[in-house]
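Keep the sequence alongside as we go.

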Amino acid sequence: MKKHIVLLPGDGIGQEVITSAQEVLNAVAEEFDHSFTFDTKDIGGSAVDLHGTPLPQDTVDACKNADAVLLGAVGGPKWDQLPSHLRPEKGLLGIRKELDLFANLRPIKGFPKLLHASPLKEHVVKGSDLLIVRELTGGLYFGTPSERRDNGHSVVDTLAYTRTEIERIVDKAFQCAQLRRKQLTSVDKANVLESSKLWREIVDEKSSQYPDVTVEHQLVDSAAMKLITNPTAFDVIVTENMFGDILSDEASVLTGSLGMLPSASLRSDNFGLYEPVHGSAPDIAGLGLANPLAMILSAALMLRYSFQLEDEAKLIEDAVQSVLDDGYHTSDLQLEGGQKLGTKEMTVQIVEYIKSQSTTNSILNC
Ligand code: NAD
Ligand code: IPM
Ligand code: MN
């Protein structure tokens with residue numbers, strides 16, 4: 001299979017982990033006789049430095065012509081004081097909007113070897129396996145902020161959703177639930193927000209189209225509590241943009257590190273941009289310490305969702321599991337024993353596992 005992938009490294013550790021994903025994809029391509037071609041484009045702070053904008057048109061055009069996009073991370077202190085339209089984060093929001101990537105799937109499943117890496121008790125974390133379906137192109141992030149008023153002492157951000165925007169993400173979440181344990185939790189703040197009331201109405205309307213899925217509503221504040229006291233109670237969570245952003249970082253605690261969580265940002269035809277949940281981690285950028293697994297697992301999601309290459313996706317996930325089982329991990333994971341590796345060394349372990357499967361296959365074929 002021939003596929004063209006645009007790489008958007010972005011800033012900080014984004015630059016480091018995207019290289020890991022590319023190396024892993026090259027190993028997969030070799031193993032399965034695929035041809036993946038890559039084109040690297042600028043986004044975020046590095047694009048501001050080079051082109052004066054966090055989202056150059058050339059980047060948008062390249063992404064639109066690609067079969068899929070991989071993004072590292074954007075942002076960093078260097079650009080924090082820029083006006084809003086020049087902030088690196090605006091580049092990320094812009095590309096999500098340009099590509100109509102309204103559905104952000106954030107799977108959270110602990111690897112057995114990492115049960116002790118979570119600060120939560122082992123019996124709480126054990127067996128947790130959930131999917132956060134985050135609305136990605138609406139809500140507070142895309143409202144028009146007011147100019148500063150009252151001599152700069154007052155400002156307004158708007159949280160707006162249309163029925164169509166809510167319907168399509170709710171449909172996506174029901175469909176995801178049908179493929180999993182058929183249990184959907186819709187998280188909102190319907191005791192306060194009008195947008196959440198409409199959200200809740202639409203979830204209830206839609207539920208009759210998916211009679212095999214059990215639905216419950218939960219307010220976001222208690223959902224945040226339950227996520228770390230009783231995570232196994234959840235299968236699929238569907239929620240609006242900002243709630244989903246916050247809950248997914250919280251949920252990463254179940255896996256031991258934010259550096260473990262991949263995500264898929266999808267359009268209705270399953271075209272996708274694949275991005276780790278974490279950011280550019282300025283505190284460790286350039287030190288070679290970043291955990292590349294969130295990015296590598298995002299590449300696996302790309303193979304599964306955009307290219308329907310399930311065996312290839314599974315091989316990457318097996319590689320991650322096997323390398324962790326062997327005791328290798330990066331220093332973000334609070335684990336005793338085993339061997340701590342840097343970004344590059346961890347990537348080598350994953351690539352070697354993939355290549356070793358190739359050797360096994362050819363021996364078996366002989
Ligand atoms: P962050 O996710 O960058 O870092 C939070 C903490 O987690 C840091 O201590 C960091 O070292 C650690 N961490 C994150 N990913 C890691 C990895 N792969 N390996 C090891 N440790 C890892 O969040 P932040 O510090 O709040 O934000 C830093 C910058 O990143 C900001 O400019 C923010 O806007 C941006 N950001 C970008 C994205 C994105 O591009 N998708 C996501 C979140 C934050
Ligand atoms: C994420 C990030 C982004 C978001 C920021 C950088 C705009 O936190 O991808 O989770 O909030 O969507
Ligand atoms: Mn986030």
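What follows goes from the domains to the sheet, then to a ligand and some database positions.

First, the ground rules. This is a predicted model, where local features need pLDDT of at least 70, side-chain atom pairs count only at pLDDT 80 or more, and totals for chains, interfaces and linings use all residues. Residues are numbered from 1 along each chain as its sequence is written, while chains are lettered from A and ligands numbered from 1 in the order in which they are written.

Start with the domains, whose bounds come from an automatic or database domain assignment. Domain 1 is made of two stretches, 1-104 + 260-366, and domain 2 covers 119-255. Their centres, taken over C-alpha atoms, sit 25 Å apart. Where they touch, domain 1 puts in 13 residues and domain 2 puts in 16 residues; contact here asks for C-beta atoms, placed from the backbone, within 7 Å. On the domain 1 side, helix 4 and strand 4 each give two or more residues, and helix 4 gives the most, with three. (Helices are DSSP runs of H or I with at least four residues, strands are E runs of at least two, and both are numbered from the N terminus.)

Which residues surround ligand 2? They are Gly75, Glu89, Leu92, Leu93, Asp245, Val277 and Gly279, a shell residue being one whose C-beta atom, placed from the backbone, lies within 6 Å of the molecule. By class, that's three nonpolar, two polar and two charged. (Nonpolar means Ala, Val, Leu, Ile, Met, Phe, Trp, Tyr, Cys and Pro; charged means Asp, Glu, Lys and Arg; the others, Gly among them, are polar.)

Last stop: an unreviewed UniProt entry lists Arg96, Arg106, Arg134 and Asp221 under "binding site". Those positions use the numbering here, feature names are shortened, and annotations may be inferred rather than shown by experiment. Arg134 is in strand 5 (residues 129-135).

Terms used. Two residues are in contact if their C-beta atoms, placed from the backbone, lie within 7 Å.
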